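Thanks for coming, everyone. Please look at the structure on the screen while I talk.

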Amino acid sequence: MSTFKRNPDEPLESTALPTRLVHAEPVDASGFKSQHTPVYRGSSTFFSSTAEQRRPVDPLGIDYSYGLHGTPTQYTLCKKLADIEGALHALVCPSGLSAISIVAMACLKSGDHWLIPGNAYGPVWSFAHNLKSSFGVEIDEYDPMDPAQISNQIKPNTKLIWTEAPGSLTFETPDLRHIVDIAKSHGILTAIDNTWSAGLALKPFELGIDFSVQALTKYQCGHADVLMGAVLGNNTDTFRLVEQQNRLYGLGVSPSDCELVLRGLVTLPVRYQAQAESALQLALALKDHPAVHRVLHPALPECPGHLNWQTQFTGSASLFAVQLKAEHTDAQACAWVDALKWFKIAYSWGGPESLAVVVNISEERRKRFDESSPGGGPIVRLAVGLEDLQDLKADLLGALDQVFTQSTK
């Protein structure tokens, strides 16, 4: 129980209770120390004078002029995120998709050209098509596993090359160094969705990438109860453009949500490693099942771009996919997922619970993907949580046996 004794000799500037309640100073916090960052809330932030209120402000610095621009809670989170990824600048925004959007809007204007990999996160394509129809931004798809194709697709108006490593849903790992070299030789900016690595297993700025985007919803939060994104960068001039877009759109995040992500960062490395180890063990257990064509885990040789993963990454994540054999149907893939006990059916990942979804990709993408290993059928994406490894292994293999044994009777 907390108790407090008021100093009876402390002068009261007003005897009116409503005024005292609004203007009373907080207690002295100088003797209090804790692991966790306080939740600093406030829309109005007070200036000591009109001179302070009118001072020039660098939006890339700490700006305590209005709650939307940030409080110590948000800035502390940005500082830690920048430290994890080796960035000079970081900002937080409402979601991973909003982070993607403000990078694109900062780099592109009407008439510019944007190159996007065919295995990018689906909503990237939705946003790109909106830019095309509403603002006249040209977009083209490139094969991330064929860097030579990128050189052929670059135009005089190409301003941004997007990357994702590994690719969404199918987990190919591109040669990021080669892509960056091509981009730099043409003066083109590069960005990466680095959510899979959480900034731990891949350091994009060491490769020369200009922007890194994170969905903090995943591993950084770690508890599947916050939606948030981040943009990080090392180039001050280009990052200023991102911050301008962030302010123009009035994108802000709750200090309470930031505190939850800060809480998650404390255990981020150990959770990431534990989940990654379980995922790799499950991938190895699944690869030899008679119903499985191949396991799409970048750490396994059969996954496209495995050698790129070996040279560019220092670890793997807990998200991978299983491709069943061609003779198996989508209905059977769904039956496998429905039969799972410990894997919930849901999007997202990085939280404590394991998840499974049947993957849907376009026929064109499927054809190109299957060229690397003919004979593949439906794809199921698995996100491995923090449950007991043996429980998860028995669940996956038992449900596979149940569905595919029944289907052959």
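This is a predicted model: local features need pLDDT of at least 70, side-chain atom pairs count only at pLDDT 80 or more; totals for chains, interfaces and linings use all residues.

Residues are numbered from 1 along each chain as its sequence is written, and side-chain values use heavy atoms, with hydrogens and water left out.

Start with helix α3, residues 72-85. Helices (H or I, at least four residues) and strands (E, at least two) are DSSP runs, numbered from the N terminus. α3 has 14 residues and reaches 20 Å from first C-alpha to last, close to the 20 Å expected at 1.5 Å a residue. That expected span is 1.5 Å times one less than the number of residues.

Which residues of α3 are buried? They are T73, Q74, Y75, L77, C78, L81, A82 and E85. Buried means under 20% relative accessible area, exposed over 50%, and partly exposed in between, with a 1.4 Å probe and protein chains only. The cover over them includes β1 (89-93), β6 (211-215), β7 (229-233) and α9 (255-286). After α3 comes G86, with a positive phi near 75 degrees.

Now β1. Four of its five residues are buried, so β1 is largely enclosed by the rest of the structure. β1 and β7 run antiparallel, joined by five bridges. Two strands pair if DSSP finds at least two bridges between them. L91 has V231 in β7 as its bridge partner.

Next, the empty spaces. Rolling a probe the size of a water molecule over the atoms shows where empty space is left. We use a 1 Å grid over the protein atoms alone: a cavity is a set of points where a 1.4 Å probe fits but cannot get out, a pocket is an open set with protein on both sides within 12 Å along at least five of seven lines, and lining residues have an atom within 4 Å of a point. Grid points are joined across faces, edges and corners, and a volume is the space filled by probe spheres set on the points.

There is one cavity of 30 Å³ or more. The largest cavity has a volume of about 30 Å³. What lines it? L81, I84, E85, A198, Q214, Q220 and L232 do. α3 gives the largest share of that lining, three residues.

The largest pocket has a volume of about 870 Å³. It has 41 lining residues, and those closest to its centre are Y121, G122, P123, S168 and L169. α4 (96-107), α5 (122-135), β6, β11 (354-359) and α12 (363-370) each supply at least two residues of that lining.

Last, the backbone. Most residues other than glycine have a negative phi, and most peptide bonds are trans. The peptide bond from A165 to P166 is cis, with omega near -10 degrees. P166 is in the loop between β4 (158-164) and α7 (176-185).

A198, from the cavity lining, has a positive phi near 55 degrees. A198 sits in the loop between β5 (189-193) and β6. Its relative accessibility is 1%, so A198 counts as buried.

S348 is not a glycine either, yet has a positive phi of about 70 degrees. S348 lies in the loop between β10 (343-345) and β11. At 27% relative accessibility, S348 counts as partly exposed.

Conventions: Contact means heavy atoms within 4.5 Å.
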